[in-house]
Each structure stands twice: as C-alpha cells, then as structure tokens.
Amino acid sequence: MLTRSSSSIVTFPRPFTLSGYTDELPAGDYEVQIEEELLLGLSFVAYRRTGTYLVVRGTGRRASRSEFREVDQAQLDAALDRHRQPSH
C-alpha cells in the first residue's frame, strides 16, 4: 500500500474546542497532518484520506512533546469557520 502525507498550518485567533476532546486549546497556529493511501486498480491516480490530525504542542514542562489528535475534517473546518466570524 502506498501512502502520502501532507501538512498545512491553520490559525485560531481565540481559544477553541474540538468535538471528541474536553479541553480547550489556546489560540495560535496549529499544524494539520493529512494521511492518504493510493487507490489501486484505477485507470488514473487517486488517493483516499485515511486520517486528519491536529498537532497539539505541549506547554510548560511538556513543551518538547507533541500530541497528534485525530479530527474529522468537516468538524475542523466548522471550528475554523466559527473563528472567522466577528466575535460578539
């Protein structure tokens, strides 16, 4: 099985939460990792997403650690959209 990974940076201007996790994450830039696998047997090249992960950096004594949190892409997009709206 052939896989590929890509990453991007997303910015949350305010603290936020994501479905499936109870803690609030601080505002800032976060790396998003996307994992995909090659679909075999097709007459063209195509990939299927197998995972989307938000990289959460540690703070304080755990600053050297990172946590990969699996997230649903639609929920991540919705959280980013909420933060693009003017705050009231």
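**Arginine 69**

I began with arginine 69 and found its place in strand β4, which covers residues 66–70; helices (H or I, at least four residues) and strands (E, at least two) are DSSP runs, numbered from the N terminus. The model I am reading is a predicted one, in which local features need pLDDT of at least 70 and side-chain atom pairs count only at pLDDT 80 or more, while totals for chains, interfaces and linings use all residues. I also noted that residues are numbered from 1 along each chain as its sequence is written, and that side-chain values use heavy atoms, with hydrogens and water left out.

Is arginine 69 buried or exposed? I looked up its relative accessibility, which is 7%, so arginine 69 counts as buried; the word buried stands for under 20% relative accessible area, exposed for over 50%, and partly exposed for what lies in between (1.4 Å probe, protein chains only). Leaving aside neighbours within four places in sequence, I listed the contacts of arginine 69 as Tyr21, Asp23, Leu25, Thr52, Tyr53, Leu54 and Val56, where contact means heavy atoms within 4.5 Å. I then took the C-alpha atoms of arginine 69 and valine 32, which are separated by 9.5 Å although the two residues are 37 residues apart along the chain.

**Valine 32**

Not counting residues up to four places away in sequence, valine 32 touches Ser6, Ser7, Ser8, Val10, Thr52, Tyr53, Leu54 and Leu76. I also checked valine 32 against threonine 22, and here ten residues in sequence go with 19 Å in space, C-alpha to C-alpha.

**Tyrosine 30**

In strand β2 I also looked at tyrosine 30, which is buried with a relative accessible area of 7%. Beyond its neighbours within four places in sequence, tyrosine 30 is in contact with residues including Ser8, Ile9, Val10, Phe12, Phe16 and Leu25, and Leu54, Val55 and Val56 are also among its contacts. From tyrosine 30 to valine 55 I read 6.2 Å in space, C-alpha to C-alpha, for a separation of 25 residues in sequence.

**Phenylalanine 12**

I went on to phenylalanine 12, placed in strand β1, and its relative accessibility of 1% makes it count as buried. If residues up to four places away in sequence are not counted, phenylalanine 12 touches Ala27, Gly28, Tyr30, Leu76, Ala79, Leu80 and His83. The C-alpha atoms of phenylalanine 12 and glutamine 75 are 14 Å apart, and the two residues are 63 residues apart in sequence.

**Aromatic pairs**

How many aromatic pairs are there? I counted three, under the rule that rings of Phe, Tyr and Trp (its six-membered ring) pair if their centres lie within 6.5 Å, with planes under 30 degrees apart counted as stacked, over 60 as edge-to-face and the rest as tilted. For phenylalanine 12 and tyrosine 30 the ring centres are 6.2 Å apart and the planes stand at 80 degrees, so this pair is edge-to-face. Because phenylalanine 12 lies in strand β1 (residues 3–12) and tyrosine 30 in strand β2 (residues 28–38), the pair ties together parts that are 18 residues apart in sequence.

I then turned to phenylalanine 16 and tyrosine 30, whose ring centres are 5.2 Å apart with planes at 90 degrees, so this pair is edge-to-face as well. Phenylalanine 16 lies in the loop between β1 and β2 and tyrosine 30 in strand β2, so the pair ties together parts that are 14 residues apart in sequence. Both phenylalanine 16 and tyrosine 30 are buried, and I noted that ring pairs link Phe12, Phe16 and Tyr30 into a cluster.

**The whole chain**

Buried residues make up 27% of its 88 residues. Among contacts between residues at least 6 apart in sequence, I found that 41% join residues at least 24 apart. The C-alpha trace spans about 50 × 35 × 20 Å along its principal axes.
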